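The following questions and answers examine a model of two chains. Please consult the sequence and coordinates shown here alongside each answer.

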Amino acid sequence: MEKKMVLVVDDDADMRKLMEVALQATYRVISASSGKECILAVAKEKPACIVMDVMMDGITDGLETAKLLKEEKMTKDIPIIMLTSVNESYDYRSQIDANFFPHDTWLDKPVKPARLLMEVAARIG
Amino acid sequence: MKNTALTLWIVDDEPAMCQGVLRVLEDFRVVFDDLGETVNYKVASMESGEAFLEKLDSGQSPDLLLLDGKLPGKDGIEVLSLMGKKRQQIVTVMITAYATLANAVSATKLGAFDFLAKPFTPAELRHAITRATREIILTRRARRLEQEKRQVRFEFLSVLAHELKSPLAALEGYVDILRMEPETDCLDRMSARINGMRKLIIDLLDLTAIESGRRPRNLLDEDIVAVAGHVVTNNAQAAKAGGITVNVTGETVCIMKADRSELEMLLGNLISNAIKYNVNGGRVTVNISEQPGKVVLSVADTGIGIAKEDQARLFGEFARIKNSRTKGIEGSGLGLSIVSRIVGLYGASIALTSEADSGSSFVITFPCLAQDT
């Protein structure tokens with residue numbers, strides 16, 4: 001059976017590499033390094049799941065991109081896992097309506113490879 | 001010109017007084033040229049202190065209050081004191097029939113901003129309103145500025161935390177992989193991240209030291225040409241790795257009153273950037289020229305350049321231009337903000353000329369202070 005595609009979005013080249021390594025045995029991994037690149041990649045091929053860093057190009061790049069995806073009919077059903085550096089000074093969760101974006105979609109960086117694999121599998125099998 | 005409407009309430013039991021004030025203020029505009037703001041007034045009147053306090057309790061409040069000292073029931077002074085107890089901060093001008101010092105003093109102690117002695121002319125009324133309005137506008141601006149400052153600091157700290165945690169997360173990830181598969185080739189990447197983090201911490205310390213003004217400055221006669229030569233030597237290895245030629249041209253000696261470590265930071269950041277963002281086999285030219293009343297320093301490179309739309313934010317903290325040409329080039333994002341702070345310390349100016357793919361040139365002009373001798 002063909003592997004499902006996971007889109008990994010992070011401006012840190014090493015993080016992208018590490019996430020690819022964590023997921024590549026089970027999934028086909030495409031990576032992007034900014035919100036803009038993420039949108040382009042999604043337009044090219046719809047991923048089964050997206051893993052995205054909250055802060056990339058600018059303090060809320062990831063967040064805004066996720067909102068955009070959730071508002072589009074074609075992409076709103078794609079599960080998005082948000083990665084955040086636990087940072088009390090900027091509470092992203094308060095920026096979002098809980099119904100729009102459930103709390104369990106947040107993972108605190110750094111994520112252990114096994115944990116990342118488990119979270120993705122829990123959403124798309 | 002920004003148009004601002006302020007609400008003004010007049011509390012006075014004489015209807016003629018209320019009507020008079022309304023008439024004077026309905027077409028009254030106060031223009032603050034220096035602040036770029038024009039103010040107009042929405043006026044309402046109340047007959048008694050009680051009526052006013054009731055309105056306050058219902059959650060409404062004016063920006064400006066004209067309060068008669070003598071009222072039936074609670075008088076002006078009592079109303080002022082009750083406002084104070086409720087912690088209502090409304091800029092208040094007291095209208096007093098008896099312009100006695102005692103009344104003015106009690107009113108001021110209770111928080112009144114100004115007072116008008118009856119009988120007053122329309123001109124006197126406008127004058128008092130203008131003073132009170134200026135107070136309101138300035139206070140609002142001060143508060144907005146404080147809020148903006150806090151927001152800027154907040155964002156700086158958030159990005160900083162992210163920038164410090166990212167290399168650690170990457171290192172931790174690589175350590176995990178090495179535990180599982182010790183043969184993995186990732187030591188070079190790990191080294192690169194460690195160096196990047198060290199550079200970030202050093203730059204951060206430099207930046208905060210300059211910003212806080214707590215670094216003691218040693219302003220001595222320094223030869224900026226010699227400092228440039230020294231910095232170029234320090235960057236020789238990086239230049240060699242990219243086949244970059246670095247030249248110092250112009251004056252052979254140029255003495256200026258400066259702090260040596262600041263000059264080193266300034267030149268260090270500009271020259272290492274010029275080397276980093278260059279093409280293989282490219283060139284960096286540092287030129288120092290002494291002109292009447294100034295010293296002009298320029299650092300030019302044949303590198304990847306900076307697009308016009310990216311230039312505005314280049315000197316901001318953690319500003320990193322991320323595009324296909326900068327992919328793979330590491331940096332703290334603080335170098336140019338350090339440069340711009342140091343330029344500020346000398347009352348100098350910095351100009352950037354650059355276009356994507358056609359190299360960049362940074363020109364700093366230092367005003368020369370008159371020689372002591």
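Q: What distance separates the centres of domain 1 and domain 2 of chain B?
A: This is a predicted model, in which local features need pLDDT of at least 70 and side-chain atom pairs count only at pLDDT 80 or more, while totals for chains, interfaces and linings use all residues. Residues are numbered from 1 along each chain as its sequence is written, and chains are lettered from A and ligands numbered from 1 in the order in which they are written. Chain B is divided into domain 1 (2-145) and domain 2 (219-367), with bounds that come from an automatic or database domain assignment. Taken over C-alpha atoms, the centres of these two domains of chain B are separated by 57 Å.

Q: Is chain B more spread out or more compact than the globule rule gives?
A: Along its principal axes, the C-alpha trace of chain B spans about 90 × 70 × 35 Å. The radius of gyration, taken over C-alpha atoms, is compared with a globule rule of 2.2 Å times the number of residues to the power 0.38. For the 373 residues of chain B the rule gives 21 Å, whereas the radius of gyration is 32 Å, well over that value, so chain B is more spread out than a compact globule.

Q: Which helix of chain B gives the most residues to the side that touches chain A?
A: Two residues are in contact if their C-beta atoms, placed from the backbone, lie within 7 Å; by this criterion 18 residues of chain B are in contact with 18 residues of chain A. On the side of chain B that touches chain A, α5 (122-180) and α6 (187-212) each supply at least two residues. Helices (H or I, at least four residues) and strands (E, at least two) are DSSP runs, numbered from the N terminus. The element that gives the most to this side of chain B, with 15 residues, is α5(B).

Q: Which strands of chain A are the edge strands of the sheet?
A: Chain A has 4 helices and 5 strands, and its elements run β-α-β-α-β-α-β-β-α from the N terminus on. Two strands pair if DSSP finds at least two bridges between them; in chain A, 5 strands form an open sheet with parallel pairing, in the order β2-β1-β3-β4-β5. Pairing on one side only are the edge strands of chain A, β2 (28-32) and β5 (106-109).

Q: Which residue of β4(A) is the bridge partner of Met52(A)?
A: Strand β3 (residues 49-53) and strand β4 (residues 80-85) of chain A run parallel and are joined by 4 bridges. In β4(A), the partner of Met52(A) is Met82(A).

Q: Against which elements of chain A do the buried residues of α3(A) pack?
A: A residue is buried if 20 or more other C-beta atoms lie within 10 Å of its own, exposed if 12 or fewer, and partly exposed in between, with C-beta atoms placed from the backbone. In helix α3 (residues 61-71) of chain A, the buried residues are Asp61(A), Gly62(A), Leu63(A), Thr65(A), Ala66(A) and Leu69(A). The elements of chain A against which they pack are α2 (35-44), β3 and β4.

Q: Within what arc do the buried residues of α3(B) fall?
A: Gly76(B), Ile77(B), Val79(B), Leu80(B) and Met83(B) are buried in helix α3 (residues 76-85) of chain B. The buried residues of α3(B) line one face of the helix, because seen down its axis they fall within a limited arc. That arc, which is that of the directions from the helix axis to the C-beta atoms, is 160°.

Q: Is Asp357(B) buried or exposed?
A: Asp357(B) lies in the loop between β12 (349-354) and β13 (360-367) of chain B. Although it is not a glycine, Asp357(B) has a positive phi of about 70°. With 12 other C-beta atoms within 10 Å, Asp357(B) is exposed.
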